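Dear colleague,

I am handing over the structure below, and I would be glad if you looked through it with the notes that follow. They begin with the sheet and then turn to the helices and a loop.

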Amino acid sequence: MTIFQRINHEAVEGIRCGRKNNVNTSFIVYRFGDTVIDTAPSNQWRYIKPFIREKTIRQILLTHHHEDHSGNAVNLQQLTGVTPMAAEGTRTIMEQGFSIPLIQKYLWGKSPAIRLAPLPDTIELEDGSTLEAIAAPGHAEDMVCFYSSEHGFIFTADLYISRTIRYMRDDENLTVLIKSIRKVLARDFETLLCPHRGVVLQGKQALQEKLNNLLELCEKAQHLHHQGQSVKQITRNILGTEDGMSYLTGFSFSKRNLIRESLKVTL
Ligand SMILES: [Zn+2]
């Protein structure tokens, strides 16, 4: 384990760390001046701690409760004296605590319960510009993105990750996700800051491509469904047979989840 990447994009800094250096198993914690966006997985604390110590931190924003984003909320609060802010849905989940499947616990560690501070709709940054908190459910019900119209970037949480997706969690809602992608695409931005993919320079175009690819997938899946094919058959025809990732997670992260959801989308 190590720091895989140091990120410097204009005033945005970040470090990528994780168990393995690829998109799905690593995480980037971003910082803009004295504002930190997400807290990174708890099993990476030894790398996050020195990064946070480099500057005085005034505010910490959480995009959603998932353990790779929230894992160090308690650690950060203890280190900086700052209580992370989050949307109401995230606050409720984090206050109660939530269970994490074994494989995710191995990958990211745990996420201790914490009482978070309320998140305003507009967050002021160190340079006087602001971030707009945009509710963007679908991947997780409680997720928000943070958009800067002044700087033309957006912290997308797990809205983007990739132009094409082949798997879905069993608690994701594709119909709602598509609606959130459209909502974000209505904003004017150039750069997308994804905690897994990294800095995506033509970010709006990339997110638009993701939307197009998802709609195309839905159309194909629904066409095969009308021909009488089962979810299993459609999955095999469009995405291929389930593989290691699906079996490892007991199908909670699988191709069939994506196909099942794609049949529910109204085109
Ligand atoms: Zn997530």
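For what follows, a residue is called buried if 20 or more other C-beta atoms, placed from the backbone, lie within 10 Å of its own. Please keep in mind throughout that this is a predicted model.

With that cut-off, Val144, Phe146 and Ser148 point one way from β10 while Cys145 and Tyr147 point the other way, and all of them are buried. Strand β10 covers residues 144–148, and because five of its five residues are buried, the strand is largely enclosed by the rest of the structure.

The strand belongs to an open sheet of six strands, in the order β8-β9-β10-β11-β13-β14 and with mixed pairing. At the edges stand β8 (122–124) and β14 (198–200), each of which has a single partner strand, so one side of each is left without a neighbour in the sheet. Direction ignored, neighbouring strands of this sheet are turned against each other by 25 degrees on average. Helix α7 packs on the sheet, where it touches β13 (191–194) and β14, and its direction makes about 70 degrees with that of β13.

On one side, β10 runs antiparallel to β9 (residues 130–135), to which it is joined by four bridges; here glutamate 132 stands opposite tyrosine 147, and isoleucine 134 has cysteine 145 as its bridge partner in β10. Strand β11 (residues 153–155) is also antiparallel to β10, with three bridges between them, and in β11 it is isoleucine 154 that is the bridge partner of tyrosine 147. The hairpin of β10 and β11 has four residues between the strands, and glycine 152 in this hairpin takes a positive phi near 70 degrees.

Turning to the helices, the axes of α1 (residues 45–53) and α3 (residues 73–80) come within 11 Å and cross at roughly 35 degrees, in a right-handed crossing. The contact is made by Trp45, Lys49 and Ile52 of α1 together with Asn75, Leu76, Leu79 and Thr80 of α3, and by class it has four nonpolar, two polar and one charged residues.

Finally, glutamine 229 lies in the loop between α7 (203–226) and α8 (231–239). Why is glutamine 229 described as partly exposed? The reason is its count of 17 other C-beta atoms within 10 Å, which falls between the limit of 20 or more for a buried residue and that of 12 or fewer for an exposed one. Leaving aside residues up to four places away in sequence, glutamine 229 touches Leu224 and Ile234.

With best regards

Note on methods
Residues numbered from 1 in each chain as written. Predicted model: local features only at pLDDT ≥ 70, side-chain atom pairs only at ≥ 80, totals over all residues. Helix = DSSP H or I, 4+ residues; strand = E, 2+ residues; numbered from the N terminus. Contact = placed C-beta atoms within 7 Å. Pairing = 2+ DSSP bridges. Axes fitted to C-alpha atoms, helices over the stretch in contact; angles between N-to-C directions. Left-handed = near helix turned anticlockwise from the far one by under 90°. Nonpolar A, V, L, I, M, F, W, Y, C, P; charged D, E, K, R; others polar.
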